[in-house]
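Here are my notes on the model you sent. Please read them with the structure open.

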Amino acid sequence: MSTVITHIAALVTNDPSLGDGSPLGLIQDAAVVVDGDRVAWVGESGAAPAADKRVDAGGRAVIPGFVDSHSHLVFAGDRTEEFNARMSGRSYSAGGIRTTVAATRAASDAELEANLTRYLDEALRQGTTTFETKSGYGLTVEDEARALRIAAAHTDEVTYLGAHIVSPDHADDPAAYVDLVTGPMLDACAPYARWIDVFCEKGAFDGDQARAILTAGKAKGLHPRIHANQLSYGPGVQLAVELDAASADHCTHLTDADVDALANGSTVATLLPGAEFSTRAQWPDARRLLDAGVTVALSTDCNPGSSFTSSVPFCIALAVRDMGMTPNEAVWSATAGGAAALRREDIGRLTPGAYADLAVLDAPSHVHLAYRPGVPLVAQVWRRGTRVA
């Protein structure tokens with residue numbers, strides 16, 4: 001059955017060949033025709049072809065569904081006490097991950113899946129129609145594999161992050177843990193994952209360890225992505241470009257050489273403002289990256305320790321307010337940018353042939369996502385051609 005959505009005040013297509021010719025491909029007084037799970041037509045409302053069903057958007061804006069290309073949703077427990085202490089003056093470090101590792105190992109499969117679906121539903125109601133999620137809170141062969149198996153039942157964008165931190169079980173022998181991550185753990189996890197990730201940071205894994213882990217993953221058919229340059233300057237971004245990683249995520253502490261490498265490569269810089277908000281850390285300089293020609297994505301980094309938000313609209317507002325992005329750039333980065341970070345062309349845009357994933361905003365313009373921070377503006381969510389929220 002085909003459906004035409006009409007009376008759209010402003011439609012973001014993310015196709016510069018459409019509408020106003022900008023990167024957003026903005027069409028005023030627009031319509032979208034959905035046929036099955038795909039977009040069949042977009043254009044001005046008065047020129048819309050007939051369809052089996054008609055839906056009136058009521059003068060609201062329509063955007064592509066958000067593509068959240070970085071999250072950590074297979075976990076148990078929370079870190080309320082850590083957050084409270086940090087907001088009272090204690091700085092963030094990677095060590096807090098161990099608290100979640102203990103809770104996750106103790107949880108049943110049913111508990112982990114219930115937690116995962118809770119946050120996925122929460123994100124969906126806020127307009128996220130595609131999400132990536134990682135393991136990384138098990139750090140044993142069995143626990144990492146079960147995390148990925150649970151995640152793979154809910155998304156195709158699954159990332160093996162056995163190299164989140166060195167497991168507490170191997171605290172005195174990090175080399176042995178790298179051998180585990182690149183050997184038996186990788187063998188058990190690869191069937192469930194599309195991606196491999198590593199936290200390349202002081203207190204986690206250095207550049208040589210990260211290269212070994214990502215290279216082993218590539219040999220198993222997993223494509224790299226990297227937690228890079230979050231807490232300090234380091235080799236992560238350069239390594240990401242060297243290995244053709246789909247994304248280098250965080251990118252807070254960058255040299256000019258790092259920015260040049262990203263601008264001249266195909267690796268997307270994924271910025272995660274929820275982490276800086278929740279840790280009172282230095283904001284990434286999105287303006288510097290964008291002016292250099294780097295492709296930028298925005299994501300939530302939803303996790304129980306350093307960014308416990310599933311709200312992409314919140315991250316858009318932060319990016320505009322504190323990272324130097326324009327509202328147009330932030331919306332593009334949260335949709336088409338996220339798709340680029342997942343190396344996908346069938347999501348993050350509303351053009352013929354793309355999946356009919358879209359959000360109807362209770363506002364006349366996408367700019368309201370930054371203009372009205374904290375307001376629940378997502379009135380409807382359509383995923384694969386079906387209204388789901």
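1. Phenylalanine 308 is partly exposed, with a relative accessible area of 39%. Keep in mind that this is a predicted model.

2. The structure holds six aromatic pairs. In one of them, the rings of phenylalanine 75 and phenylalanine 308 have centres 5.9 Å apart and planes at 75°, so this pair is edge-to-face. The two residues are 233 residues apart in the chain. Phenylalanine 75 sits in the loop between S5 and helix H1, and phenylalanine 308 in the loop between S12 and H12. Ring pairs also bring in Tyr119 and Tyr137, forming a cluster with Phe75 and Phe308.

3. Phenylalanine 277 and phenylalanine 314 are also edge-to-face, with ring centres 5.1 Å apart and planes at 85°. This pair links helix H10 to helix H12, across 37 residues. Phenylalanine 277 is partly exposed at 43% relative accessible area. Phenylalanine 314 is partly exposed too, at 26%.

4. Now look at H12 itself, residues 312-322. Its buried residues include Val312, Ile316 and Leu318. The buried residues pack against several elements, among them strand S6, helix H10 and helix H13. At the N-terminal end, serine 311 is the cap: a side-chain oxygen lies 3.1 Å from the backbone nitrogen of phenylalanine 314. Just after H12, glycine 324 has a positive phi of about 80°.

5. Which residues lie nearest the centre of the largest pocket? They are Gln126, Ser311, Pro313, Val375 and Pro376, out of 13 lining residues. The pocket holds about 230 Å³ of space. Its lining has eight nonpolar, three polar and two charged residues.

Technical notes: Residues are numbered from 1 along each chain as its sequence is written. This is a predicted model: local features need pLDDT of at least 70, side-chain atom pairs count only at pLDDT 80 or more; totals for chains, interfaces and linings use all residues. Side-chain values use heavy atoms; hydrogens and water are left out. On a 1 Å grid over the protein atoms alone, a cavity is a set of points where a 1.4 Å probe fits but cannot get out, and a pocket is an open set with protein on both sides within 12 Å along at least five of seven lines; lining residues have an atom within 4 Å of a point. Grid points are joined across faces, edges and corners, and a volume is the space filled by probe spheres set on the points. Ala, Val, Leu, Ile, Met, Phe, Trp, Tyr, Cys and Pro count as nonpolar, Asp, Glu, Lys and Arg as charged, and the others, Gly among them, as polar. Buried means under 20% relative accessible area, exposed over 50%, partly exposed in between (1.4 Å probe, protein chains only). Helices (H or I, at least four residues) and strands (E, at least two) are DSSP runs, numbered from the N terminus. Contact means heavy atoms within 4.5 Å. A polar contact is a pair of N or O atoms within 3.5 Å; within protein, one must be able to donate a hydrogen and the other to accept it, and residues adjacent in sequence count only if both atoms are side-chain atoms. Rings of Phe, Tyr and Trp (its six-membered ring) pair if their centres lie within 6.5 Å; planes under 30 degrees apart count as stacked, over 60 as edge-to-face and the rest as tilted.
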